[in-house]
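Please open the model in your viewer and keep a selection tool at hand. The tour below goes from stop to stop, saying what to select next and what is there.

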Amino acid sequence: MPSTTVTLHNGRRRYASNAGAYVVLGVGGLVMVFPFIYQLMASLMTNSEVLSIPPQWIPSAFRLENYVAVFTSIPFAEQMSNTVQFSLIRTTAQVAFSALAGYAFARMRFKGSGILFGILLSILMVPSELLLISQYQIVNNLGWLNSMPGLVAPGLVSAFGTFMMRQFFRGLPNELEEAARIDGAGPFRIFWQVMLPLAKPGLGALAIITLIDCWGALLWPLIVTTAQDQMPVSVGLATFQGEHGVEYPSMMAASLMAMLPIIILFIVMQRRVIEGLAHAGLKG
Amino acid sequence: MALSQINRTSSRGRTAFPSGPGGGLRRGRSKNDGVAPWLFILPTFLGIGIFFLWPMAQSVYFSFTEWGAFGGNTWTGLENYRRLVSDADVLGALMNTVVYAGVSLLSIPVAIYLAGLINRPGLRFKGLFRTLYFLPVITMPAAVSIVWRIMYNGDFGIINYLLSTVGIQGPYWLATPGVAIIAVALVGIWTSLGMNMIILGAGLQGIPTEIYEAAELDGASPWRQFRAITVPLLTPSIFFVTVMTVIGSFKVFDLLFVMLGAGNPVTQASQTLVYLFYDKAFIANDKGYAAAIGLLLLVLIALVTFLQFRLQKKWVTYA
């Protein structure tokens, strides 16, 4: 991105000053990825290699059997499948319901919309942890502990998502909408055929934020799942115990496999992921 | 909070499309849209009613009750709140939050510095650098926590080994009360640095380059430029990141739970308010007291946000 500042400096000076930037960013970047490299290396070692003093950097042999062991020592396949289902159900529902409600708040007139929107905003201020006791009781009373309905239930709608979609719809021009209305299209058709296609970037950003958030979620799943084969993988990892005490290499292999799908998504859609997350600020 | 960021984008959106709702064309139509909007918001408000508003009301009620061992709760008035103000664990959790927030806030200058480097004109591999720094932001906290747990190990951990090569005897990071919370906060920095760099970097890019050019012509040193231009004009972004960091510090859970583990005495010495809440509500089954802790959390977060917005007037410069 050339800017006017560049032209002020001569070529040599720019080169010299950026050389320092490369070194600092490079060293810093190495620190940032170091845990991932260590994780990969340790996942291929024997347990005693991980425990060796001084630590070993490179495994003596690449023990891929550690990865196989993950599937036999814990119900890893089930846990991954739970995480996928949990994340997809929540993301789909949140995006769909948020788009509907966000559109209504942005473009429709109805009595009490101001008050309802105010309720929505005040919910954003409440730390969600406070609600856990009661949410747990509801799910427990429904007999939904250790089940997918129980896992997903409190996260099917989102005040934050509704707010974000409302902001997005407000930013869209309304000429198309008017044209469709004049052509006699009803509100659902206008929403579905005219506005939703225009809102794709907003929907995409919300979907990415929600997906990453769900994939890593720990606290709620930890509370409502106790059976190993009903847990998402985040809880599985947090409570990971091998058959014979702690097996570090399998642990590393499991954690690496658990985050790989999100890392791949991130690398493929890097720009949109960063923009989506930065746009929303942190969802906390 | 997230709001201020979104509001900024929204107001931009509104100026871009001045014929928003209520403008021009709409005025001729009937006063409201009938039943359709209610159907649009129905699913969301059904969910909000059941899983947000009802639990909110219940939490307030629970905070005045005590729970028996086999379910059922009895009204105890202000007893939980009386207990709250004299509970050493609550005070400890607040101290831990202060330490955690203090350590985390130290990363803001680092984030500004690195964001400035990445935004340099003519720098190549920007995308690669951004990926490297952002990677920890998106990865599953539970997964990275178990990696850090091994790296922090006092005996065979790689961190103490690296420190020993430069002659430093590292502590038992996760087994020493007082040190553990700092160790966890360092991982917290690692997971949030990339995000802070993006937010602060966006702020940096909003500063017009002409100001720096003028300063350079006047012979201002880079340090002077940083102090007199960058920091004042960046205060809105710094403010936003500060609020997020402090609020986040009250809520640390995943890293503590996975790195230190439940039932560990060091965890008790390093816990935050949310961890304490979890422990009382779901381990000790002391749900009435837990609800009181949850409400304390709500009040404290509201207070911090309010204070920071008040202080903002003193030190934030909106260009």
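## First stop: a loop residue in chain A

Select Asn146(A), which is found in the loop between helix H7 (132-141) and helix H8 (148-152) of chain A; helices (H or I, at least four residues) and strands (E, at least two) are DSSP runs, numbered from the N terminus. Phi of Asn146(A) is near 55°, a positive value in a residue other than glycine. With a relative accessibility of 23%, Asn146(A) counts as partly exposed, where buried means under 20% relative accessible area, exposed over 50%, and partly exposed in between (1.4 Å probe, protein chains only).

A word on the conventions before moving on. This is a predicted model, in which local features need pLDDT of at least 70 and side-chain atom pairs count only at pLDDT 80 or more, while totals for chains, interfaces and linings use all residues. Residues are numbered from 1 along each chain as its sequence is written, chains are lettered from A and ligands numbered from 1 in the order in which they are written, and side-chain values use heavy atoms, with hydrogens and water left out.

## The loop between H3 and H4 of chain A

Select Ser52(A) next, in the loop between helix H3 (47-51) and helix H4 (65-73) of chain A. Ser52(A) is buried, its relative accessible area being 19%. A polar atom of its side chain lies 3.5 Å from the backbone oxygen of Pro54(A), and Pro54(A) is itself found in the loop between H3 and H4.

## Arg107(A)

Move on to Arg107(A), in helix H5 (residues 76-107) of chain A. Arg107(A) is buried, with a relative accessible area of 2%. Which backbone oxygens does the side chain of Arg107(A) reach? One belongs to Phe169(A), at 3.1 Å, and another to Leu172(A), which lies 2.3 Å from a polar atom of that side chain.

## Between the chains

Now colour by chain and select the residues of each chain that are in contact with the other, contact meaning heavy atoms within 4.5 Å: there are 116 in chain A and 108 in chain B. The area buried between the two chains is about 10400 Å², of which carbon and sulfur atoms give 76%; buried area is the accessible area (1.4 Å probe) that two parts lose on being put together, summed over both.

How many salt bridges are counted between chain A and chain B? The count is 1, a salt bridge being a side-chain nitrogen of Lys or Arg within 4 Å of a carboxyl oxygen of Asp or Glu. To find it, select Lys251(B) and Glu129(A), whose closest N and O atoms are 3.6 Å apart. On the side of chain A that touches chain B, helix H2 (residues 11-43) gives the most, with 19 residues.

## Last stop: chain B

Finish with chain B, which has 15 helices and 2 strands, and in which buried residues make up 53% of the 319 residues. Among contacts between residues at least 6 apart in sequence, 64% join residues at least 24 apart. Then select Asn285(B), in the loop between helix H14 (273-283) and helix H15 (287-315) of chain B. Phi of Asn285(B) is near 50°, a positive value in a residue other than glycine, and at 29% relative accessibility Asn285(B) counts as partly exposed.

Methods: A polar contact is a pair of N or O atoms within 3.5 Å; within protein, one must be able to donate a hydrogen and the other to accept it, and residues adjacent in sequence count only if both atoms are side-chain atoms.
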